Amino acid sequence: MLRWIDVLTYAKYGNPEPLRRVVLSEAEWRYRLPLVCYEVMRNRSTEPPYRNAYCRSYEPGRYHCAGCGSLLFDSATKYHAISGWPSFTQPAARSAIRYAFDDSHHMQRMEAVCNVCEGHLGHVFPDGPAPAGLRYCINSVSLEQR
Ligand SMILES: [Zn+2]
């Protein structure tokens with residue numbers, strides 16, 4: 001089980017190696033992704049709270065990266081965080097997500113990106129439910145449920 005100390009350690013000293021890498025040019029990403037998805041995943045913007053696909057969806061299944069198809073989350077770890085975005089307590093695997101300190105917008109946050117394609121997913125916070133205490137706050141457009 002991943003804890004906040006693990007997330008901090010990864011961000012500071014290096015993330016786990018991904019199983020594969022998908023590296024495309026910005027022009028290729030622009031061609032491949034719908035515009036709203038491109039804006040979030042490649043320009044680190046944020047979709048509106050509540051008005052997004054998976055915020056209130058609790059259908060069982062797995063959530064894959066909308067950029068590269070990598071498995072990121074399982075619906076078993078999804079919970080209602082009242083944040084307006086889909087929220088999870090754990091990633092599907094330790095190597096699924098890459099963490100980076102993000103001090104944009106005058107906030108100190110921990111950015112969560114896909115470890116395979118480095119697409120922006122959202123942020124992770126240390127205020128999630130026990131036992132791990134993690135809250136992955138993720139943009140719906142960065143996910144694809146299958
Ligand atoms: Zn990806």
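**Exercise 1. Determine whether the radius of gyration of the chain agrees with that of a compact globule.**

Step 1. For a chain of 146 residues, a compact globule would have a radius of gyration near 15 Å.
Step 2. The chain in this predicted model has a radius of gyration of 14 Å, which agrees.
Step 3. The C-alpha trace spans about 40 × 35 × 35 Å along its principal axes. Of the 146 residues, 35% count as buried.

**Exercise 2. Describe the secondary structure of the chain and its order along the sequence.**

Step 1. The chain contains 3 helices and 9 strands.
Step 2. Along the sequence these elements follow the pattern α-α-α-β-β-β-β-β-β-β-β-β.

**Exercise 3. Examine strand 8: find its partners and decide whether its faces are covered.**

Step 1. Strand 8 (residues 135-138) pairs with strand 7 (residues 120-125) in the antiparallel sense over 4 bridges. Within this pair, Val124 stands opposite Tyr136, and Gly122 stands opposite Ile138.
Step 2. Strand 4 also pairs with strand 8 in the antiparallel sense, over 2 bridges. Here Phe88 stands opposite Tyr136.
Step 3. In a regular strand, side chains alternate between the two faces of the sheet.
Step 4. Arg135 and Cys137 lie on one side of strand 8, and Tyr136 and Ile138 on the other. These residues are all buried, and both faces of the strand are covered.

**Exercise 4. Describe the sheet with 3 strands and explain why one side of each edge strand has no neighbour in the sheet.**

Step 1. This open sheet has the order 2-1-9 with antiparallel pairing.
Step 2. Strand 2 and strand 9 (143-145) stand at the edges; each has a single partner strand, so one side of each is left without a neighbour in the sheet.
Step 3. From one strand to the next, the twist averages 30°.
Step 4. Strand 1 and strand 9 pair over 3 bridges, with Cys65 opposite Leu143.

**Exercise 5. Identify the residues that touch the most other members of the largest nonpolar core.**

Step 1. In soluble globular proteins, nonpolar side chains tend to be buried together.
Step 2. The largest nonpolar core has 33 residues, of which Leu72 and Cys114 touch the most other members.
Step 3. At least two residues of this core come from each of helix 1, helix 3 (35-43), strand 1 (62-65), strand 2 (71-74), strand 5, strand 6, strand 7 and strand 8.
Step 4. Setting aside residues up to four places away in sequence, the residues that Cys114 touches include Cys65, Leu72, Ile97 and Leu121.

**Exercise 6. Locate Ser95 and classify it as buried, partly exposed or exposed.**

Step 1. Ser95 lies in the loop between strand 4 (87-88) and strand 5 (97-102).
Step 2. A buried residue needs 20 or more C-beta neighbours within 10 Å, and an exposed one has 12 or fewer. Ser95 has 16 inside 10 Å and therefore counts as partly exposed.
Step 3. Beyond its neighbours within four places in sequence, Ser95 is in contact with Pro16, Glu17, Pro18, Leu19 and Asn115.

Methods. Residues are numbered from 1 along each chain as its sequence is written. This is a predicted model: local features need pLDDT of at least 70, side-chain atom pairs count only at pLDDT 80 or more; totals for chains, interfaces and linings use all residues. Two residues are in contact if their C-beta atoms, placed from the backbone, lie within 7 Å. Two strands pair if DSSP finds at least two bridges between them. A nonpolar core is a set of buried Ala, Val, Leu, Ile, Met, Phe, Trp, Tyr and Cys residues joined through C-beta atoms within 7 Å. The radius of gyration is taken over C-alpha atoms; the globule rule is 2.2 Å times the number of residues to the power 0.38. Axes are lines fitted to C-alpha atoms, for helices over the stretch in contact, and angles run from 0 to 180 degrees between N-to-C directions.
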